[in-house]
Amino acid sequence: MALIQIAEPGESTTAHQHKLAVGIDLGTTNSLVATVRSGDVKTLPDADGRHLLPSVVHYAENEVHVGVTAQQFSVKDPLNTIISVKRFMGRGIDDIAVEDAHYSYKFTNPASNADSVVPRIKTRAGDLSAVEISAQILKTLKQRAVETLGDDLTGAVITVPAYFDDAQRQATKDAARLADINVLRLLNEPTAAAVAYGLDSGNEGVIAVFDLGGGTFDVSILRLHKGVFEVLATGGDSALGGDDFDYEISRWIIAQAKFRDVDSPEIKRYLMQQARSAKEALAEQDIVDIKIDIEHCQWTGTLNRDTLKLLLTPLVKKTLLSCRRALRDAEVEKKDINEVIMVGGSTRTLLVREMVADFFEREPLTSIDPDKVVATGAALQADVLVGNKPDDEMLLLDVIPLSLGIETMGGLVEKIIHRNTAIPVAKAQDFTTYKDGQTAMAVHVLQGDRELVSDSRSLARFELRGFPPQVAGAARIRVTFQVDADGLLIVSACEENSGVEASIDVKPSYGLSDTEIERMLRESMEHAEDDMHSRSLREQQVEAERVLQALDAAMVVDGDQLLSVVEKAEIMQVRQRLIDIKADSDKEIIKQTIKQLEDTCEDYVARRMNSNIKTAMQGHSIEEYATDKKSAAEES
Ligand code: ADP
Ligand code: MG
């Protein structure tokens, strides 16, 4: 779930005393820690002057190595050297099966520890979860901060990909807790990048943040105005990054060298490393020598930029598709974009810069080091959150990733908050009862962008009970959806005539992975036409039901008084025809038959109206029958 980040001005009670806070970019490939000192943001280096900490953990016999030291064991001891662990944060076994092809370490068989659904990686130090391994990286960064800045660290802002769902965000917080770090807030990486640029240069307008790292791709469309950052839309792919570039290149090397039998973890890891060095070198030069020399695999060759382009173009194109979608979601056109920010080490690949510049028809911003821009923004945000900047009212809005709504008659979804609405948000809509004398209503809360309940994700159900019986359509049930700053949804329902209330707290995207969100969005686009058809068919069926029920109810009351035998028989005949065809799949026929029934009943309705005026106290009205309301289950 997308989070909101707000620096509440009232939080700044101890502004006079400078507090120590850091920003942490906990990356798939590299991590960094930064802080604001004397108004300047600085990333903190290790004792050897290196700012980037490779997100690699090696479990040795008696100690744990993190970073460059751990990386050295990557080929020698791949099973105990964990890379890219961020990809598994908050993930279940099922998510991993597809992804682990690129990785060399082993996951425990879930059956062997059935009491826990958290996947664990087998290491010399035991079976470890992604959270525990991430905590090692965070500990190292904390250590670095404490050594440079002193002991009293108030807290940290830690960045996460915009696409991280609740489980993944929670896992990140858990890792911080294990590392004994107080999390001030989780911040979306692209938003942090925008903070870094926005505060530095005071830019205004619409910006796109293109973040291609080692393991993930994020694109965000943001609007900056007077220091307020609004995220208009986010998109991306949590399984696309420089690792995939390396994988393509390693496949190419294997094909060129005609290697067989390259399945051992050592060789795989080695080839990925060689591929990566070649790729990185090609950011500076046109051609690079590759020398493979491991076990039974020997080969020397060259890779040039043209070949690299052939290998990587399909992957870069994928990122541009996400960009196109994000623009559409944000309802902005390319020409509305004022700036494109490049973030992440993989944006150093020339092809990426060129294709992004082509796509957006402008040169992207690269003035802040693409490796450091996220940590920089996080440090600035941390500084604000601990109250070092009392006057700063930085407000960052985020959006909900999928629409939220409730079930209405006929298994349809009525959307109450549309996707990409900025949070916090509250929206209410009125509904009514379908049957006479109804005293309860089921509220089924749904997430997704399809039209039918069966295609949506069920989030919660609750009942509003005990309101007084009234004729169908008379009750006024106001359903309110409220999404707070942390993305927590509260749904409440109130029957307004009687004041009867009920509500429920819902976690909107709990357990929904980004791939699931992507799938649901893709499906809603693919099925838009089908859905419209099913929706209007269902609406006609519901309408037929409603007309029939109202007619039957009226007949019981005064059918015999107001109608002659012939008239009644005529009405009953059309009524029967509607009953017979209402399950039909042709919405036009249903519609015509409803019309026919209404026409046949015209005189009856008129007589009822007259008689109703005379005996208004009878409690039944024309409202019950043949009104032009869209559907008995709702009114707007
Ligand atoms: P993450 O956000 O996933 O931690 P980073 O932003 O640190 O990742 O980016 C890491 C990726 O950047 C790696 O795939 C690395 O190979 C790539 N990278 C770093 N330098 C270069 C370069 N000069 N050319 C191309 N790719 C690079
Ligand atoms: Mg990154």
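Ligand 1 takes up the space of the largest pocket. A molecule counts as sitting in a pocket if more than half of its atoms lie within 2 Å of the pocket's grid points. The model is predicted: local features need pLDDT of at least 70, side-chain atom pairs count only at pLDDT 80 or more, and totals for chains, interfaces and linings use all residues. Residues are numbered from 1 along each chain as its sequence is written, chains are lettered from A and ligands numbered from 1 in the order written, and side-chain values use heavy atoms, without hydrogens and water.

The shell around ligand 1 holds 17 residues, each with a heavy atom within 4 Å. T29, G214, K279, E280 and G345 come nearest. Twelve residues of the shell are polar, four are charged and one is nonpolar. Gly counts as polar here; Asp, Glu, Lys and Arg count as charged; Ala, Val, Leu, Ile, Met, Phe, Trp, Tyr, Cys and Pro count as nonpolar. Helix α7 (residues 265-281) gives the largest share, three residues. Helices are DSSP runs (H or I) of at least four residues, numbered from the N terminus.

Polar contacts pair N or O atoms within 3.5 Å. The side chain of K279 places an N or O atom 2.8 Å from an oxygen atom of ligand 1. For N30, a polar side-chain atom lies 2.9 Å from a ligand 1 oxygen. G215 uses a backbone N or O atom, 3.4 Å from an oxygen atom of ligand 1. The protein covers 91% of the 570 Å² of accessible area that ligand 1 has on its own (Shrake-Rupley method, 1.4 Å probe).

How values were computed: Polar contact = N/O pair within 3.5 Å; in protein donor to acceptor, adjacent residues only side chain to side chain. 1 Å grid on protein atoms, 1.4 Å probe; cavity = no way out; pocket = protein on both sides within 12 Å on 5 of 7 lines; lining within 4 Å. Helix = DSSP H or I, 4+ residues; strand = E, 2+ residues; numbered from the N terminus.
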